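The stops below proceed one selection at a time.

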Amino acid sequence: MRRNRNLFAPERRGGTGRIVRTVAAVVILGTAIGLGVYFLFGKGFFTSNKPVIVDNTQPTVTETVPVVSPEDLVRNGNHIVKADEYAYSTKDVRDWMTGKVPYSGDKLVFLTFDDGPNPESTGKILDVLKDEGVPGTFFVIGTNVEKPGSGEVINRILEEGSSVALHTYSHVYEKLYPKNTGDAQYIQSEMFKLIDAIRTATGKSEFDSRVLRYPGGHMSWKGMDKVDEVIGGMGIEYIDWNAINGDSEPTSRRPKDAQAMADYVMSSLNYTKIKSVVVVLMHDATNKPLTPESLPIIIEKFKEQGYKFGILK
Ligand SMILES: [Zn+2]
């Protein structure tokens, strides 16, 4: 025991002394180096307030911008983002079609379908448009929008790149045009009611449409300047047509088969001065089966003649 103690005790004492001396040497040396560096290079060496290199190639994001997908509805719009490249301002198209403003671009055709939606007949028209790879504009009536299944079919119109436009809530001439004269305030109230109905049916609260076709056509009624002014205050523009497929003509004049209906459209162009911007009036209803049936022929004829297909916004 003792021997062991003598053997190890001095060594332990000696070891402790060396550690203390080594630590003291390191502290002194370290402090000396530190002071030297401080005086040579200054305080900056320790606080590292070197200039920060800013990468200016990266944009500074100051707010969260929602990511827009091509399938999303255009903000406050009546069509999706990817349909915007062939969506034309209704006022422009009206001015070109009537010759008020000269038009010199590519030949344009707008296929328009009034009086829907209807899950069955709108579905058939959408099938044809999809097969042909062309879009259309659907002028919907509020009382139809509120029927079961209409929300789904309007969403399909939007998803497949066509646009949704306004054709009043009621479509009742006596209410809209008492004594054949447009009632501006009443028509305006139907615009709000129709847009609300579309938002509810589709679940798209951001939906809005600035495109109106007056039931019976703008040209048929009196006092329309006042109505145009009031709905113009809502940003809404109206559009009539310069070609028809005859699906609402009196039975005696109505085309009897699909080929006759397609011929009817092309011959109706003989009555319009402007042929480079064509707006075709057709109807979207279950009692007009020739409309979807003739549609492929009509589309082929316009394609052959070099027309591009647009939608109204
Ligand atoms: Zn109508």
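Select Arg254 to begin: Arg254 is partly exposed, with a relative accessible area of 28%. Here buried means under 20% relative accessible area, exposed means over 50%, and partly exposed lies in between, computed with a 1.4 Å probe on protein chains only. The model is predicted, so local features need pLDDT of at least 70 and side-chain atom pairs count only at pLDDT 80 or more, while totals for chains, interfaces and linings use all residues. Residues are numbered from 1 along each chain as its sequence is written, and side-chain values use heavy atoms, with hydrogens and water left out.

Arg254 belongs to the loop between strand E7 (243-244) and helix H10 (258-268). Helices (H or I, at least four residues) and strands (E, at least two) are DSSP runs, numbered from the N terminus. Which residues does Arg254 contact, leaving aside its neighbours within four places in sequence? Display Gly246, Asp247, Ser248, Glu249 and Lys288; contact means heavy atoms within 4.5 Å. A polar atom of the Arg254 side chain lies 2.9 Å from the backbone oxygen of Glu249.

**The zinc ion**

Centre the view on the zinc ion, which is coordinated by Asp115 (OD), His167 (NE2) and His171 (NE2) at 2.1 to 2.2 Å. Donors are N, O and S atoms within 2.8 Å of the metal (3.2 Å for Na, K and Ca); water is not among the atoms, so sites may look incomplete. Along the chain, the donors follow the spacing D-x51-H-x3-H. Asp115 in strand E2 (residues 108-116) and His167, in the loop between strand E4 (163-166) and helix H7 (173-176), are 52 residues apart and link distant parts of the chain. Colour the two by accessibility: Asp115 is partly exposed at 21%, whereas His167 is buried at 2%.

Move along to Thr168, also placed in the loop between E4 and H7. Its phi is near 70°, a positive value in a residue other than glycine. Thr168 is buried, at 1% relative accessibility.

Now select Gly116 and Pro117, whose peptide bond is cis, with omega near 0°. Pro117 lies in the loop between E2 and helix H4 (119-132).

**Between H7 and H8, then the helix pair**

Asn180 is in the loop between H7 and H8. Here phi is near 60°, again a positive value in a residue other than glycine, and Asn180 is partly exposed at 45% relative accessibility.

Show helix H8 (residues 184-202) with helix H9 (residues 224-232): the two pack at an angle of about 35°, with their axes 9 Å apart. Axes are lines fitted to C-alpha atoms, for helices over the stretch in contact, and angles run from 0 to 180 degrees between N-to-C directions. Which residues make the contact between H8 and H9? Select Ala184, Gln185, Ile187, Gln188 and Met191 of H8, together with Lys226, Val227, Val230 and Ile231 of H9.

Go to His79, in the loop between helix H2 (44-47) and strand E1 (87-88). Is His79 buried or exposed? His79 is buried, at 3% relative accessibility. Not counting residues up to four places away in sequence, His79 touches several residues, among them Leu73, Asp84, Leu158 and Lys313.

From there select Leu73, in the loop between H2 and E1. Leu73 is buried, at 12% relative accessibility. Leaving aside neighbours within four places in sequence, its contacts include His79, Ile80, Glu206 and Phe207. Asp84 is 11 residues from Leu73 in sequence and 9.8 Å away in space, C-alpha to C-alpha.

**Helix H3 and the whole chain**

Select helix H3 (residues 90-97), which is mostly covered, with six of its eight residues buried. Highlight Thr90, Val93, Arg94, Asp95, Trp96 and Met97 as the buried ones. Just after H3, Gly99 takes a positive phi of about 80°.

Of its 313 residues, 43% count as buried.

Notes
Polar contact = N/O pair within 3.5 Å; in protein donor to acceptor, adjacent residues only side chain to side chain.
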